[in-house]
Each structure stands twice: as structure tokens, then as C-alpha cells.
Amino acid sequence: MTSETHTPHTREEAVLVLEDGRTFRGEAYGAVGETYGEAVFSTGMTGYQETLTDPSYCGQVVVMTAPHVGNTGVNDEDPESRRPSPDSGRIWVSGYVVRDPARRPSNWRSRRTLDEELRTQGVVGISGIDTRALTRHLRERGAMRVGIFSGVSAQADPAALMQRVLASPEMAGADFVGEVTTADPYVIEPAGPHRFTVAAIDLGIKTMTPERMAERGIRVHVLPGDATLEQVLAVNPDGVFFSNGPGDPATAHGPVALVQGLLEQRKPVFGICFGNQILGRALGFGTYKLKYGHRGINQPVQDRLTGKVEVTAHNHGFAVDAPTDRVAETPFGRVEVSHVNLNDGVVEGLRCLDAPAFSVQYHPEAAAGPHDAAYLFDRFTDLMTQHRNETEKGGA
């Protein structure tokens with residue numbers, strides 16, 4: 001994206017251009033300039049700061065369906081991209097679309113306005129448009145490329161703006177792992193007595209994820225997305241976690257090979273979101289692009305093991321193509337679909353019956369809520385406990 005200097009609180013003209021030709025005119029919000037990405041909508045009523053800083057949204061222009069955004073400002077505690085790197089608290093979305101931005105924030109933790117934070121980080125946005133109409137359009141036509149143009153850029157010929165959008169890259173075939181992953185390994189220490197050691201593969205990991213594991217006595221070694229089997233085994237993990245992340249899972253050949261190597265060695269594996277798709281590919285299933293995906297913090301999912309329905313946090317535009325009506329045979333044994341989305345029947349989780357591995361398509365750490373799925377971290381510790389007991393019994 002590119003941005004230009006602009007005077008605070010000045011609302012310059014802006015235009016949003018979709019690749020199918022539909023346009024929306026409004027006012028600049030955040031930095032002034034132009035940006036491109038895949039237009040997607042998020043249905044969360046809260047948690048906009050967590051959404052903006054979630055690396056899973058890299059390459060996407062996020063449309064907020066909640067009409068009022070920015071009411072609680074921006075604080076220094078909630079970013080999901082905080083980690084030992086220069087990108088601490090970085091906003092990852094390519095662009096931001098809101099209907100009615102707050103005129104002033106009201107929250108005791110607020111340090112600055114959302115508009116100021118977007119400007120500081122060079123994130124181009126647009127406000128004052130009919131986000132309901134835009135969301136309905138994306139539901140009917142599907143997620144698509146989009147451009148936001150403000151200031152001088154908004155005055156360009158509409159046909160020229162359309163050509164710029166059509167020249168921008170598509171999400172299918174996109175590989176963002178190298179852009180969002182940590183450059184160097186780091187460790188999150190357990191909060192209390194040490195019970196397990198986990199290697200977490202950072203495909204776009206959120207801050208709260210290793211914290212949720214640390215709460216359960218896990219020492220988490222966060223490793224880059226291109227970590228090899230040898231590098232993973234070097235930390236002597238009791239289990240390996242594959243994080244959420246952006247892009248097309250069909251491009252993630254390295255992580256897929258890593259999962260296969262771990263399955264061959266019967267190391268416990270837990271994957272979420274992008275990690276679910278990686279496990280699916282490693283087992284031999286395909287992946288496909290959803291029409292408009294699942295994004296927000298109110299997605300209903302049924303755990304088929306218990307029958308319980310969970311309200312969950314999502315951000316994904318791709319899904320695993322696995323049979324939901326039977327147990328599948330794979331090179332690593334039998335696998336069943338453990339969770340399904342109740343809105344559209346999309347696969348939301350996998351469970352290996354003959355290997356110590358499982359995954360879900362959503363975000364159980366859910367920093368902005370809900371917390372219905374937090375038990376999955378306990379399921380991971382149970383899996384590692386079972387594997388440890390079997391290993392010790394086998395060696396006895």
C-alpha cells in the first residue's frame with residue numbers, strides 16, 4: 001500500500017472500487033493514498049483491535065459489519081501481533097472499511113484514536129459508506145479484489161482505478177507465511193510449574209495463542225514457518241502446534257511436509273485455522289476457496305464428539321475438502337471430521353483415530369471472545385499426557 005501525508009481530522013474524499021465494477025464513495029479514514037487486497041467482511045461486534053493486528057488478515061481489506069467502530073480507541077495491551085520483533089503491535093490488514101467511526105474514544109485503557117493508529121501505520125481506509133450493502137454484495141458475488149483510493153488518488157479516472165484493481169494479485173495462490181512469521185525463534189515460559197514443551201510453528205500466530213498454552217504449564221518454543229523437522233525435534237517437544245495464518249494453504253508445501261514427518265514419528269500435533277488446512281493436506285485431503293469465508297466472533301460450530309454447539313472466532317477463506325459422512329482412510333490411518341459449521345456444513349475440525357493429531361478451523365484462543373472453545377488446549381494437553389504415558393509404558 002502507499003500513503004500520503006494528511007492533516008489529522010481532515011476527511012478527504014475516498015472511493016472503494018471492487019473488481020466487478022461496483023463502487024462506493026465515502027471519506028478517507030486513516031492514512032490517505034491507495035491500497036489493494038481481497039475484500040472480506042467481519043461480523044464481530046467487538047474486538048476490532050484484535051482483528052486489525054491479526055496476521056491472518058494479511059492481504060485483506062476488512063469490511064466491518066458493525067456500524068460503529070473505534071468507540072474504545074486503541075490500547076497497548078490487546079494487539080495480537082505483539083512479539084519480540086520490530087513489528088510489535090503491527091496492523092496487518094491491507095485496508096479498512098467502516099460505516100460510522102467514533103468521533104472520540106471512551107475507555108480507560110485507550111491511548112489514542114483508531115484513526116490516529118491507522119494513519120501512524122499507513123493503513124488506508126474509507127468511512128461513511130453503506131457497509132450493509134457492500135456486505136450483501138460480497139455475500140452474493142463472493143470475496144473479490146478491491147482498491148481503496150483517497151485524496152488525489154480518488155480523483156483519477158474510474159476506468160484507470162478499475163485497471164489498477166484488476167492488476168492487483170488474487171488471494172488464490174497467495175503465500176504470505178514468509179511475510180508474517182517470526183524471523184527468529186523465541187520462548188514463552190509456562191505460568192506455573194512446567195508440564196510440557198511445545199514447538200509452535202508460526203504461520204501467522206496471534207499473541208494470545210502461546211499465552212493460552214503457557215496458562216496450562218506449557219513452555220512454548222515459537223519457531224519460524226519454514227522450520228524443518230530437525231529444528232523442531234531439537235527443542236525436544238512433547239507436542240507440535242501449527243498456528244493460524246493468511247494465504248492459500250495450497251502454497252504451504254514446507255509445513256505440510258513437516259506435519260507428515262511428525263505423523264511418521266507419532267508426535268502429537270494440534271493445528272488451528274491455517275494449521276487445520278495444513279493437517280488436512282498432510283493427510284491427503286484437498287483444500288478449496290470458500291465463496292466469502294467465515295470471519296468474526298459469532299460462528300456456530302458443532303463438536304461432533306460431544307454434540308455441543310460452540311460460538312467461535314473465525315477468519316478463513318479456504319476450507320478442507322474431507323468427507324463428513326464417514327471415516328476416511330489416509331496414509332496415516334483413519335480420520336474423521338470432528339467439527340462442522342452449522343451455517344453451511346463446512347469442515348471445521350479433523351481428528352486422527354490412529355495417530356496423535358487433531359485440528360480445528362477456528363481460533364480457540366479468542367482474545368476478544370467468545371471462549372467456548374478454550375477447552376481445545378486442554379484436549380491438547382490430554383493428548384500429550386496420553387502419548388507420554390504410552391511412550392513410558394512402551395519403554396518400560
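Contact here means heavy atoms within 4.5 Å. The model shown in these close-up views is predicted.

**Figure 1. Helix α4 packs against three strands.**
The buried residues of α4 pack against β2 (13-18), β4 (32-42) and β10 (144-150). Helix α4 itself covers residues 158-167. Which of its residues are buried? They are L161, M162 and V165. Viewed down the axis of α4, the buried residues fall within an arc of 100°, so they line one face of the helix. The face turned away from that buried side carries Q163 and A167, which are exposed. Look next at the N-terminal end of α4, which is capped by D157. A side-chain oxygen of D157 lies 3.1 Å from the backbone nitrogen of A159.

**Figure 2**
Strand β9 takes in residues 124-127. V124 and I126 point one way from the strand, while G125 and S127 point the other way. In a regular strand the side chains alternate between the two faces of the sheet. Are these four residues of β9 buried or exposed? All are buried. Strand β3 (residues 23-30) runs antiparallel to β9, and four bridges pair them. Strand β7 (residues 95-97) runs parallel to β9, and two bridges join them. Here Y96 has G125 of β9 as its bridge partner.

**Figure 2. Strand β19 pairs with β16, β18 and β20.**
β19 is mostly covered, with eight of its nine residues buried. Strand β16 (residues 286-303) pairs with β19 in the antiparallel sense, over three bridges. Q302 has V340 in β19 as its bridge partner. Strand β18 (residues 328-330) is also antiparallel to β19, again over three bridges. T330 stands opposite G333 in β19. How many residues lie between β18 and β19 in their hairpin? There are two. On to β20: five bridges join this strand to β19, and the two run antiparallel. V340 stands opposite V347 in β20. The hairpin of β19 and β20 has five residues between the strands. In that hairpin, G345 takes a positive phi near 75°.

**Figure 3. The largest nonpolar core has 34 residues.**
Which members touch the most other members of this core? They are I201, V232, F242, L263, L283, F285 and L350. Several elements give two or more residues to the core: β12 (196-202), β14 (239-242), α8 (253-264), α9 (274-282), β19 (333-341) and β20 (347-352). The largest share, five residues, comes from α8. Now focus on I201. Leaving out residues up to four places away in sequence, I201 touches L223, P224, G225, A227, V232, V240, F241, F242, S243 and L258. A second, separate core has 24 residues. Its members include A214, F358, A373 and L376.

**Figure 4. H316 is a buried histidine in strand β17.**
Strand β17 covers residues 309-321. H316 has a relative accessible area of 3%. Under 20% counts as buried, so H316 is buried.

**Figure 5. Two buried cysteines, C273 and C352, are in no disulfide.**
A disulfide requires a pair of cysteine sulfur atoms within 2.5 Å. By this rule, the count is zero disulfides. C273 is in no disulfide, and the nearest cysteine sulfur, that of C58, is 14 Å away. C273 is buried, with a relative accessible area of 1%. C352 is in no disulfide either: the nearest cysteine sulfur, that of C273, is 18 Å away. C352 is buried, at a relative accessible area of 7%.

Terms used. Residues numbered from 1 in each chain as written. Predicted model: local features only at pLDDT ≥ 70, side-chain atom pairs only at ≥ 80, totals over all residues. Heavy atoms only, no water. Buried < 20%, exposed > 50% of the residue type's maximum accessible area, 1.4 Å probe, protein only. Arc of directions from axis to C-beta. Polar contact = N/O pair within 3.5 Å; in protein donor to acceptor, adjacent residues only side chain to side chain. Core = buried A, V, L, I, M, F, W, Y, C linked by side-chain atoms within 4.5 Å. Pairing = 2+ DSSP bridges.
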